[in-house]
Amino acid sequence: MKTIERIVSAPPEAVWELWTTAEGISRWWAPDGFRTDVLSLELRPGGELVYTMTAEAPEQVAFMEQNGLPLSTTSRKVFVDLDRPGRISYRSIIDFVPDHEPYEQLTVVDLEPAAGGTRIVMQVEDMHDDVWTERLVTGRANELENLGRLVG
């Protein structure tokens with residue numbers, strides 16, 4: 001598991017709302033240069049979040065094309081644990097990697113009150129290799145930066 005931490009200037013309940021509603025997710029979830037469109041969200045253990053992430057910035061479009069990846073990807077996450085407003089965990093369905101069998105990857109997010117806001121501790125399970133794990137960690141860190149800017 002890799003750990004990413006960030007303090008954002010909003011209370012845990014506000015961060016929870018941004019992380020668990022379609023409107024909130026669409027405002028910050030995508031890494032820079034991408035757009036997120038939530039297709040469905042069933043917020044309960046065993047429920048799914050389904051969304052499309054689309055590359056929009058020229059450098060992201062070029063990266064996706066150079067690596068043989070589609071510009072838009074529909075992704076699914078299955079919620080494992082929801083403890084408002086302190087913990088969100090979900091399994092991402094990794095079915096978009098060329099020439100690799102689908103598998104699941106776990107993310108656990110803890111939201112803790114902190115001076116001036118919320119301390120976010122995100123733990124992400126490694127992916128199938130170091131390159132994809134680094135892409136995941138970089139993307140998630142960028143998402144937390146976006147969240148911080150949104151509430152800051």
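Reader: What is the bridge partner of I4 in β7?
Author: That is M122. A word on the model before more. It is predicted, so local features need pLDDT of at least 70 and side-chain atom pairs count only at pLDDT 80 or more, while totals for chains, interfaces and linings use all residues. Residues are numbered from 1 along each chain as its sequence is written, and side-chain values use heavy atoms, with hydrogens and water left out.

Reader: Which residue does E5 stand opposite in β7?
Author: V121. Seven bridges join β1 to β7, residues 117–124, and the two run antiparallel. Strands here are DSSP runs of E with at least two residues, helices are runs of H or I with at least four, and both are numbered from the N terminus. Two strands pair if DSSP finds at least two bridges between them.

Reader: In what order do the strands of the sheet come?
Author: β1-β7-β6-β5-β4-β3-β2. The seven strands form an open sheet with antiparallel pairing. β1 (2–8) and β2 (34–41) stand at the edges with a single partner strand each, so one side of each has no neighbour in the sheet. From one strand to the next, the twist averages 25°.

Reader: How many bridges pair β6 and β7?
Author: Eight, in the antiparallel sense.

Reader: Is β7 mostly covered or exposed?
Author: Mostly covered. Six of the eight residues in β7 are buried. Buried means under 20% relative accessible area, exposed means over 50%, and partly exposed is in between, using a 1.4 Å probe and protein chains only.

Reader: Which strands does helix α1 lie across?
Author: Helix α1 (residues 12–20) lies across β1, β2, β4, β5, β6 (103–114) and β7. Its angle to β6 is about 155°. α4 lies across β1, β4, β5, β6 and β7, and runs at about 10° to β1. Axes are lines fitted to C-alpha atoms, for helices over the stretch in contact, and angles run from 0 to 180 degrees between N-to-C directions.

Reader: Switching topic. What does E13 touch, neighbours in sequence aside?
Author: R84 and P85, not counting residues up to four places away in sequence. Contact means heavy atoms within 4.5 Å. E13 lies in helix α1 and counts as partly exposed, at 34% relative accessibility.

Reader: Where is P85 found?
Author: In the loop between β4 and β5. The peptide bond from R84 to P85 is cis, with omega near -10°.

Reader: And T54, buried or exposed?
Author: Buried, at 12% relative accessibility. T54 is in strand β3. Leaving aside neighbours within four places in sequence, T54 is in contact with G33, F34, R35, L71 and S72.

Reader: Last one. How much space lies in the largest pocket?
Author: About 740 Å³. On a 1 Å grid over the protein atoms alone, a pocket is an open set of points where a 1.4 Å probe fits, with protein on both sides within 12 Å along at least five of seven lines; lining residues have an atom within 4 Å of a point. A volume is the space filled by probe spheres set on the points, which are joined across faces, edges and corners.

Reader: Which element gives the most to that lining?
Author: α4, with eight residues.
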